[in-house]
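Have a look at the sequence and the 3D view, then try each task before reading its solution.

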Amino acid sequence: MFETIIGLEVHVQLNTQSKLFCSCPTSFNHEQNTNTCPTCLALPGALPVLNKEALRKAGMFGTAVGATINRTSFFDRKSYFYPDSPSAYQITQLYTPIVEHGKLIVDFEDGTNKTIRINRAHIEADAGKNIHEGPISKVDLNRAGTPLLEIVSEPDMRSAEDAILYLKKLHSIVRYLDISDANMQEGSFRVDVNVSIRPKGDEKLYTRVEIKNINSFRFIQRAIELEVARQKEAWEDGVYEDEIVQETRLFDQAKQETRSMRGKEGAADYRYFPEPDLLKVIVDDAMYSEILDIPELPDAKKERFVSAFGLREYDAVVITADLENAHYFESMLECGITAKNAVSWLTVELQGRLKGGISAHESPVCAKTLGTLVKRIEENVISGKAAKDILDYLLEHNGGDVDEVIEKLGLKQVSDTGALEALIDEILAANTDKVAEYKSGKDKLFGFFVGQAMKASKGSANPNTLNEILQTKLAQ
């Protein structure tokens with residue numbers, strides 16, 4: 001029996017307007033090599049100046065995870081010989097980072113939780129981008145110098161599930177803080193996974209393998225599973241020390257395997273030394289106050305939803321996991337509907353109809369529209385069944401006015417007692433045998449009469465009014 005040991009390094013691109021050490025914009029999707037200057041190109045004589053906003057956003061993350069915020073921190077130089085790094089080094093924080101010793105609590109479906117320790121979060125400059133076109137490789141340096149926050153966990157995770165829960169919680173916190181858009185597909189939230197195994201009960205940490213730059217939660221989970229299986233097989237075959245070496249590997253989704261990319265450098269290879277072009281970084285009292293002033297985070301919002309709206313713990317977790325989803329829910333409540341119905345129509349009805357990874361806030365049905373639809377149910381203007389038909393119509397026609405669609409589809413409920421009495425009288429007159437059976441004790445036939453009435457009214461009869469009239473008529 002083996003135990004899996006997982007540690008994660010997450011690179012979060014901070015959403016500052018300019019780069020970490022110069023005034024070039026961070027919009028690197030522009031024409032190649034246009035957002036550059038002597039500083040981010042590392043030309044002789046150009047000196048870096050720290051972006052204050054990057055420091056503030058890094059500190060906010062530290063506050064969010066209950067970490068130590070170092071009021072004095074330092075930058076270091078890391079030798080980094082890659083073609084997309086024009087300086088041949090990276091400015092980072094090794095010895096004294098801005099954030100140290102935090103923690104993050106992950107929640108499991110069974111109601112239990114686990115604390116994952118965060119070793120550090122440090123600021124560093126990103127490299128550029130290599131573009132490979134057949135036998136030719138090009139370099140785009142628009143991204144070079146973009147501010148990154150590297151968040152390094154302790155090796156506290158013991159399964160792929162632990163890792164994914166940690167990453168999703170981390171992703172959510174970063175979005176709630178608004179320090180990054182954390183778009184995995186665009187590289188704003190990049191994950192390096194460190195994996196090793198050991199026999200159960202052994203306290204030793206064995207050779208770890210790094211799997212680099214995976215850009216989806218699903219791929220991360222699969223990469224961990226494949227790498228763990230590879231290491232277990234090597235151990236059981238007696239070739240662990242030969243085959244499992246400290247290296248960087250890539251995840252190949254098509255082949256469903258991890259494969260060697262390069263040998264993993266150690267600290268000696270990087271030749272760290274204090275960055276000579278930057279002074280020590282001091283967080284003054286004014287900035288420290290800003291760092292401590294953070295918005296409501298997922299856990300706090302979840303607790304508020306449970307206590308203020310009476311939501312089930314599970315529903316609150318689902319809604320608050322995504323910032324836009326939480327905002328959508330709160331906007332629905334502004335329509336004056338119950339929280340219970342808002343949850344049901346958001347998480348079951350709307351999201352159940354959305355395909356292709358589209359979220360509620362990206363759908364053609366905005367929060368106000370869905371809230372109005374639910375409001376019409378609660379006002380007995382339409383039935384729940386009719387509301388589902390209206391929602392389908394709104395999705396198919398890219399939104400619309402709820403009341404106009406109700407009129408157009410003729411789905412407004414009939415609550416007029418006179419009209420319903422006449423309809424029920426016709427049904428009872430046409431089913432005298434069933435009426436006699438009901439009165440003789442076959443109570444289940446009540447559902448038959450309800451069904452006939454709803455069918456005759458084409459679903460427009462108000463169920464409560466209908467039931468009351470039926471009960472009165474059948475009791476006569």
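**Exercise 1. In which loop is the place of Asp178?**

Before the solution, two notes on the model. It is a predicted one, where local features need pLDDT of at least 70 and side-chain atom pairs count only at pLDDT 80 or more, while totals for chains, interfaces and linings use all residues. Residues are numbered from 1 along each chain as its sequence is written, and side-chain values use heavy atoms, with hydrogens and water left out.

Step 1. Find the loop: Asp178 sits between α2 and β11 (189-199). Helices (H or I, at least four residues) and strands (E, at least two) are DSSP runs, numbered from the N terminus.

Step 2. Look at the backbone: Asp178 has a positive phi of about 60°, although it is not a glycine.

Step 3. Check the surface: with a relative accessible area of 46%, Asp178 is partly exposed. Here buried means under 20% relative accessible area, exposed means over 50%, and partly exposed is in between (1.4 Å probe, protein chains only).

**Exercise 2. At what angle do helix α1 and helix α2 pack?**

Step 1. Locate the helices: α1 covers residues 52-64 and α2 covers residues 160-177.

Step 2. Read the geometry: the angle is about 125°, and the axes are 10 Å apart. Axes are lines fitted to C-alpha atoms, for helices over the stretch in contact, and angles run from 0 to 180 degrees between N-to-C directions.

Step 3. Name the arrangement: α1 and α2 are therefore oblique to each other. Angles under 35 degrees count as roughly parallel, over 145 as roughly antiparallel, 65 to 115 as roughly perpendicular, and the rest as oblique.

Step 4. List the contact residues (contact means heavy atoms within 4.5 Å): α1 brings Met60, Phe61 and Ala64, and α2 brings Leu170, Ile173 and Leu177.

Step 5. Sort them by class: this contact of α1 with α2 has six nonpolar residues, no polar and no charged ones. Ala, Val, Leu, Ile, Met, Phe, Trp, Tyr, Cys and Pro count as nonpolar, Asp, Glu, Lys and Arg as charged, and the others, Gly among them, as polar.

**Exercise 3. Are α12 and α13 roughly parallel or roughly perpendicular to each other?**

Step 1. Helix α12 (residues 384-396) packs with helix α13 (residues 402-409) at about 110°, their axes 10 Å apart.

Step 2. The two helices are therefore roughly perpendicular.

Step 3. Ile390, Tyr393 and Leu394 of α12 make the contact with Val402, Val405, Ile406, Lys408 and Leu409 of α13.

Step 4. By class, the contact of α12 with α13 divides into seven nonpolar, no polar and one charged.

**Exercise 4. Is Asn142 buried or exposed?**

Step 1. Asn142 lies in the loop between β9 (136-140) and β10 (147-153).

Step 2. Its relative accessible area is 0%, so Asn142 is buried.

Step 3. Not counting residues up to four places away in sequence, Asn142 touches several residues, including Lys19, Phe28, Glu31 and Thr34.

Step 4. Now follow the side chain of Asn142: one of its polar atoms lies 2.9 Å from the backbone oxygen of Glu31. The backbone nitrogen of Thr34 also lies 2.9 Å from a polar atom of that side chain.

**Exercise 5. Which side chain does a polar contact of 3.0 Å join to Ser188?**

Step 1. Ser188 is found in the loop between α2 and β11.

Step 2. With a relative accessible area of 4%, Ser188 is buried.

Step 3. The partner is the side chain of Asp181. A polar contact is a pair of N or O atoms within 3.5 Å; within protein, one must be able to donate a hydrogen and the other to accept it, and residues adjacent in sequence count only if both atoms are side-chain atoms.

**Exercise 6. Where is Lys301, and is Lys301 buried or exposed?**

Step 1. Lys301 belongs to helix α7 (residues 298-309).

Step 2. Lys301 is buried, at a relative accessible area of 5%.
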